[in-house]
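Here is a short report on one protein model. It looks at confidence first, then at the links between side chains.

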Amino acid sequence: MTRGISSYTKWVAAGALAACVVAAAPAAAATTPTVSCTSARAGLADKLKRDITSAVSNRSGTIAVGLYDRTTRTTCTLRSSTAYDSASVVKVTVLATLLWDAKKHNRYLTDREVTLTKAMITKSDNDATTKLWRQLGLTKIKGFLSAAGMTQTKPDANGHWGLTRITVTDEQKLLKLITAKNTVLSDNSRAYTLKLMGQVISSQRWGTPYGRPSGVSWHVKNGWLQRSTHGWRVHSVGTFTGGGHDYTITVLTHGNSTMNYGVTTIQGVAKVIHRDLAAS
């Protein structure tokens with residue numbers, strides 16, 4: 001078990017989430033959601049749709065997927081607007097908010113902030129995240145979400161950053177911001193974010209990087225949290241470049257019986273995406 005898992009277990013045991021243990025279940029869809037893909041590369045959309053559908057077809061729980069490849073203008077989505085408790089993937093949003101706010105005030109991060117952000121992203125340190133979340137406050141966090149167009153992301157009203165409600169749509173928006181020039185985050189901010197996501201400790205490099213071809217660089221942030229409703233939430237967001245591609249992957253899951261079950265589900269999806277893009 002990693003430090004992040006242990007910290008969350010203690011947090012839940014301490015009753016920090018007691019006031020909001022029961023999360024609202026996503027509204028039932030009239031029909032079972034299906035994978036939707038489009039691509040400028042002939043045949044790629046159909047292949048990805050078929051293979052992602054196969055990867056999730058025998059998995060329990062609720063799975064949401066997002067893929068975007070700039071090179072082939074390929075997009076795939078599954079349950080793109082279904083909301084999940086963020087767990088630790090929200091830490092990328094916390095970092096982005098801090099960098100966005102620092103840019104607004106034309107300042108560099110302090111030594112303290114550098115130490116906290118490194119621990120938050122590379123080791124998924126919860127204490128560091130809490131300090132930064134409190135420093136920023138909801139006004140700044142919501143300000144960044146507005147600037148980023150992340151309209152579906154809803155911070156928890158009681159201050160529990162791990163219960164921020166997120167969607168594939170918004171996580172993909174965030175990954176696009178940190179991987180291409182834009183007016184929200186400076187080039188230095190984007191480089192710093194990717195640097196930290198590329199230094200995640202080895203025990204937390206599971207998820208979306210799984211199955212990537214050699215020569216493809218990765219940047220990842222994962223999240224995991226067990227609650228009394230919907231079992232384990234297990235998520236992974238990642239960016240990848242190389243092999244003639246420049247792509248981002250988001251996989252969000254809940255209803256997992258164990259953390260490892262969720263990890264396996266995510267890696268099953270990631271494996272076919274990497275394989276199909278590499279072959280295109």
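The protein averages a pLDDT of 91, and 89% of the residues score at least 70. pLDDT is the predictor's confidence in each residue, from 0 to 100. This is a predicted model, in which local features need pLDDT of at least 70 and side-chain atom pairs count only at pLDDT 80 or more, while totals for chains, interfaces and linings use all residues. Residues are numbered from 1 along each chain as its sequence is written, and side-chain values use heavy atoms, with hydrogens and water left out.

Over residues 1-30, pLDDT stays under 50. The model has 51 contacts for these residues beyond four places in sequence (a contact means heavy atoms within 4.5 Å).

**The disulfide**

A disulfide is a covalent bond between the sulfur atoms of two cysteines. The rule used here asks for a pair of cysteine sulfur atoms within 2.5 Å. The count comes to one disulfide. Cys37 and Cys76 form it, with their sulfur atoms 2.1 Å apart. Cys37 lies in strand S1 (residues 36-38) and Cys76 in strand S3 (residues 74-78), so this pair links distant parts of the chain, 39 residues apart. Helices (H or I, at least four residues) and strands (E, at least two) are DSSP runs, numbered from the N terminus. The link of Cys37 and Cys76 is right-handed, with 115° about the S-S bond. Are these cysteines buried or exposed? Both Cys37 and Cys76 are buried. Buried means under 20% relative accessible area, exposed over 50%, and partly exposed in between (1.4 Å probe, protein chains only).

**Salt bridges**

A salt bridge is a side-chain nitrogen of Lys or Arg within 4 Å of a carboxyl oxygen of Asp or Glu. The model has 12 salt bridges. Three of them are listed here.

| Asp276 | Lys47 | 3.9 Å |

Glu113 is buried, at 3% relative accessible area.

Asp276 sits in helix H8 (residues 259-278) and Lys47 in helix H2 (residues 44-57), 229 residues apart. Asp276 is buried, at 2%, whereas Lys47 is partly exposed, at 30%.
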